[in-house]
There are 2 protein chains.
Amino acid sequence: MNATRELAKFLVSSRAADLPSEVVHEAKRALLNWTGCAIGASHHETVDHAWAALRDFSGQPQAQLFGRKERTDALSAALINGVSSHVLDFDDTHARAVHVSAPVWPALLAYGEWKQVSGAALLHAFVLGVETEVRVGLSVFPEHYDNGYHITGTAGVFGAAAAVGTLLNLNEQQMVWALGIAATQSAGLREMFGSMCKSFHPGSAAHNGFMAARLAKQNFTSAEAGIEGKRGFAHVLSPRFDSNVITQGLGSSYELSRNMYKPFACGLVVHAAIDGCLQLKRQWHLSGSEIISIQLQVNPLVMELTAKINPQNGLEGKFSVFHACAAAMIHGAALEAQFSDAVVCDPVVVALRKKITAFPDAGIAKLEAKVIILLTDGRILQTHVAHALGSLQHPMSDADLAGKFSGLVDPVMPQSQAQSVIQMCWDFAQLNDSGQLSRATASV
Amino acid sequence: MNATRELAKFLVSSRAADLPSEVVHEAKRALLNWTGCAIGASHHETVDHAWAALRDFSGQPQAQLFGRKERTDALSAALINGVSSHVLDFDDTHARAVHVSAPVWPALLAYGEWKQVSGAALLHAFVLGVETEVRVGLSVFPEHYDNGYHITGTAGVFGAAAAVGTLLNLNEQQMVWALGIAATQSAGLREMFGSMCKSFHPGSAAHNGFMAARLAKQNFTSAEAGIEGKRGFAHVLSPRFDSNVITQGLGSSYELSRNMYKPFACGLVVHAAIDGCLQLKRQWHLSGSEIISIQLQVNPLVMELTAKINPQNGLEGKFSVFHACAAAMIHGAALEAQFSDAVVCDPVVVALRKKITAFPDAGIAKLEAKVIILLTDGRILQTHVAHALGSLQHPMSDADLAGKFSGLVDPVMPQSQAQSVIQMCWDFAQLNDSGQLSRATASV
């Protein structure tokens, strides 16, 4: 089974009219959520450092850096906006793996603005990019991830290549090459979690996938079987590969339908614990000072990814389930503000953090948690969160997403501008020039 | 043992005056050989396609595309010149693994020209870049390569990062980050061999290593243990890792001393077989038509890498030991001209190719071969090549390298210009502005 070619055949034969309307709507929800994350992080030092390092090499002002004043060449914009996407760790996630928007939207929006492509064409290309990165990712999941690859980077590059390749109207052979050029750039290590490089991964994926599509359009050749070949992506980067995951049922359902949006500004695996703490805080009007201890029962992945006992700054705080729950209990929220350096180092939060213990339980799902709180008056409060807010079973509404957007961009842009950007996302399918959205996010 | 930090410590404490003069001389030999390869391939369709795909995004004319008219931003120049390096498969190779110059010189020369860095500083940075990429590569060799990674790309990115990082005068912490940012971009699949992507690997390595150094200089952080961490480069991309290979004896000897230059325009593993055929041709004045059969006894890697029985074009011809030996026997040479589409499809060469058989023998070394020829008059000729020309035991002389350079650049530049570039390479340590060399290669 030639997975690369089968996938390429599907991609080049797909038409926008084939997409179910609910999938197109989901693409708009993803766009709104992604745009909020990118704007919200657009002045973060991670983005400033990346831009400072690369601006000397940038070209014509073809595309907007979201939420900033600068414009740059489309390829550089894909990289920098890709970094912005993921800095706050607040971007969307497929139900099983891959942050789907962060590698794909930056590449598409940069190319779309440069070439004045319609919003409708971008929505179609986005759906195909997501389909590609999720299927490629899941074909080697979870072993590939378990071995240490950051799948948002390693699979994301395929998504960006397929998406931009769709806008470039690649023929089947060129799409095979684009997927191969993506394969041979597939990279990103989980060792980088907790450093600025984690956000660099989707930025690189957007940049490199974009480049793969452009190279293929110029008939720059790659292998025929970049994904499934003996020394291709799947066999080299994973101990297991199921090519059926890539090829079966293409076009009959869309992976974007299983996309999730985070209500809290940290990794999804921590959401259920936070949700439980917030539920108990609201129900019992807790302030934090009456708490003797909080015991969390969580999926083992929570401990693997977010067990930082003593985080020292905001970024590390996102990888500490202890900080996340302590801050949520004291502030009644777990938004970006609760992951600032100041809150992570706040003695009140630190004191509560030290009273929190977490126990891995393989019988508990990734978005499930049990929370047990012991109070000074001897009472024991507990709750069981079966499906955290933001899960497929309990998704954020369109209004929730607009509210999240407003909160994210509030430090960066006036409310009137924010409202205009929100409306443009919902109306994206009607934009003749998708660049209108990008330019509407410019810092004024 | 913290290999990343130990390596960073060495890199930032090394001084140009520490280098033995023979190592500096070897750096000039590598420069001359690399420059010839890059100029010789500078108008190849692989380079044309890459430049066509990327020029729309390029920035200010900071650096020269070797052998061409165009100038572009330094980062793009590193990529394009990196592709040129390897198109002809004629670039240098460390005795055990990694084409050392292709990922490092393009990054250094582009940065050096942009910032008018001296030739002496570039020679020092090159030696450090090579030391880094070879040690990192060998720490996971051969398993990493056997699993399907193209080590020139995967290790080369570390070399480019260390080399440019040296010119940027990174401090120790920044060098740790630069190596980490390199680690998380480490990529390149052997599945791509035989396609244009093989040359894209050193281009990407040069580009991404350059970017890693620039990001680190802006305090863009990565993990502390990008190489040896649990989910760092070595453990994720290889089943085996020996950190001592990275850290032991740093500064007491230099890996560049084990660099090899190819006299023939194809993979090193084929050199001994070609050498044997040429020896017998010269000794017995063979024309090809009197040959009934040629039997080769070769290292098993020859069969693994270059067993294309029926190559259809020049590129595939480089991966066919059968074509290489047939063309050498008929033309008396195995230079770029013998790997043209026309020669690969020449009926006379094809007819002799079909008379050649090759047998893998694990007892034969990589640069060793036995050649047995049966003639129509019943004679059997044979030779045993213990060490092919170009090996450490039988290296090309400085004059050989200059001759190779002239042959390589002959289709691209006038002889007088070629002589001037050769002289500039030998005098490189005296250049106050290394960009003089780059500009001297410009197409007139």
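This is a predicted model: local features need pLDDT of at least 70, side-chain atom pairs count only at pLDDT 80 or more; totals for chains, interfaces and linings use all residues.
Between domain 1 of chain A and domain 2 of chain A there is one salt bridge. It joins the side chains of A:Arg190 and A:Glu304, with 3.3 Å from N to O.

**Domain layout of chain A**

**Interface between the domains**
- Contact involves 14 residues of domain 1 of chain A and ten residues of domain 2 of chain A.
- Together the two domains of chain A bury about 990 Å², with 66% of this area on carbon and sulfur atoms.
- Of the area that domain 1 of chain A buries against domain 2 of chain A, 36% comes from A:Leu88, A:Phe90 and A:Gly194, more than any other three residues supply.
- Two residue pairs are in polar contact across this interface, both at pLDDT 80 or more.
- The side of domain 1 of chain A that touches domain 2 of chain A comprises seven nonpolar, three polar and four charged residues.

- Over all chains, the number of disulfides is zero.
- A:Cys425 has its closest cysteine sulfur in A:Cys37, and because the separation is 11 Å, the two are too far apart for a bond.
- A:Cys425 counts as buried, since its relative accessibility is 0%.
- B:Cys197 has its closest cysteine sulfur in B:Cys37, at 20 Å, which is too far for a bond.
- B:Cys197 is likewise buried, at 0% relative accessibility.

Methods: Residues are numbered from 1 along each chain as its sequence is written. Chains are lettered from A and ligands numbered from 1 in the order in which they are written. Side-chain values use heavy atoms; hydrogens and water are left out. A disulfide is a pair of cysteine sulfur atoms within 2.5 Å. Buried means under 20% relative accessible area, exposed over 50%, partly exposed in between (1.4 Å probe, protein chains only). Contact means heavy atoms within 4.5 Å. Buried area is the accessible area (1.4 Å probe) that two parts lose on being put together, summed over both. A salt bridge is a side-chain nitrogen of Lys or Arg within 4 Å of a carboxyl oxygen of Asp or Glu. A polar contact is a pair of N or O atoms within 3.5 Å; within protein, one must be able to donate a hydrogen and the other to accept it, and residues adjacent in sequence count only if both atoms are side-chain atoms. Ala, Val, Leu, Ile, Met, Phe, Trp, Tyr, Cys and Pro count as nonpolar, Asp, Glu, Lys and Arg as charged, and the others, Gly among them, as polar.
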